[in-house]
Amino acid sequence: MIILALYYLTRPKWEIEEEPYVKLYLSQKNKVISLSLEEYVKGAVAAEMPASFELEALKAQAVCARTYAVRKILKGQKYREGADLSDNVNECQAYISEEEFKDRHPYDYKKLYKKIDQAVRDTRGIIIIYDDEPIDALYHSTCGGRTASGEEIWGNKIPYLVSCSCEYCKSSPYYKTIKEICDREIKKELGLTQNVKTVEIIQKTKSGRVRKLKINDQIIEANYFRQKLGLPSTWWEFTLKKDVLLIKSRGYGHGVGMCQYGAQGMAQKGYHYEDILKYYYKDIKFCQIDY
Ligand SMILES: [Zn+2]
């Protein structure tokens, strides 16, 4: 199936007779299940985007989730137990079953799940390609006003993952957030010996996120700082007040690719899912896998 898929990918339409089945590793249950690609996409959309979002945003998410999965499958990289995909967000994308979705939405499960089902059915088999290959369809919750390029996060230039301004995620609860962290906690988390006297941003990425900061005379990588202090992103402004550090963060997530709250904002303004995806991924094309 996978060899056949690769062969047809060079054509405008990718024709395979049957819908592919994927082996998914469920990390909590430590087991592998087999399910159709479209069933998998449904569970990924249910886990990765609030089901209350507009239908066009959910469709954009479905295309991203499908593209991400097809790319992983074609690359042939296996997860635990020989699975094609994993539900662990640290190595793949999240997935929940219909039962789990029901538990999370006890009151309006039917209506919401129907919407997800429609978003997946309306985009059946559609993936995003660049240079005849499925793209690395990365996405994140909220960019905070500007997305990050793939290059500034991972060092290698990816033509379709470029930074763009985003005015559509302003209503996200993560657009701007403030966290106060006391001196003691910073010292403990970062293993500092002295009290925090100065906090300075010493290097920024092109989109304005912090790459390196300096606390007293110690240089700290932004990603390390984010992880240690549980911050939503690496886009910061600092204010030091006596023994408390005030951190204003913008956005939530790495900032690369589609901004999910931005997709919702665009959908609310009447944009279709193709426009949303073309906004966040540059010079892409869509490919219909016929099954
Ligand atoms: Zn955004």
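Entry 1, the interface. I looked up the area buried between domain 1 and domain 2 and found about 650 Å², with 41% of it on carbon and sulfur atoms. On the domain 1 side, I noted that Gly144, Arg146 and Glu152 lose the most area to domain 2, together 64% of what that side buries. I keep in mind that this is a predicted model.

I checked where the two parts run: the assignment gives domain 1 as 2-170 + 254-290, and domain 2 as 176-250. I took their centres over C-alpha atoms and found 32 Å separating domain 1 from domain 2.

I found 10 residues of domain 1 in contact with 8 residues of domain 2. I searched for salt bridges between domain 1 and domain 2 and the count was 0. For polar contacts across this interface, I have 6 residue pairs, both residues at pLDDT 80 or more. I then sorted the residues on the side of domain 1 that touches domain 2, and got 2 nonpolar, 6 polar and 2 charged.

Entry 4, the metal. I listed the protein donors of the zinc ion: the SG atoms of Cys143, Cys166, Cys169 and Cys259, lying 2.3 to 2.4 Å from it. Along the chain, I read the spacing of these donors as C-x22-C-x2-C-x89-C. I looked up the angles among the 4 donor atoms and noted 103 to 117°, with the site of the zinc ion being tetrahedral. For reference, I wrote down that the ideal angle for four tetrahedral donors is 109.5 degrees.

Technical notes: Residues numbered from 1 in each chain as written. Predicted model: local features only at pLDDT ≥ 70, side-chain atom pairs only at ≥ 80, totals over all residues. Heavy atoms only, no water. Domains from an automatic or database assignment. Contact = heavy atoms within 4.5 Å. Buried area = accessible area lost by both parts, 1.4 Å probe. Salt bridge = Lys/Arg side-chain N within 4 Å of Asp/Glu carboxyl O. Polar contact = N/O pair within 3.5 Å; in protein donor to acceptor, adjacent residues only side chain to side chain. Nonpolar A, V, L, I, M, F, W, Y, C, P; charged D, E, K, R; others polar. Donors = N, O, S within 2.8 Å, 3.2 Å for Na, K, Ca; no water. Tetrahedral: all angles 85-135°; square planar, octahedral: opposite > 155°, others 65-115°.
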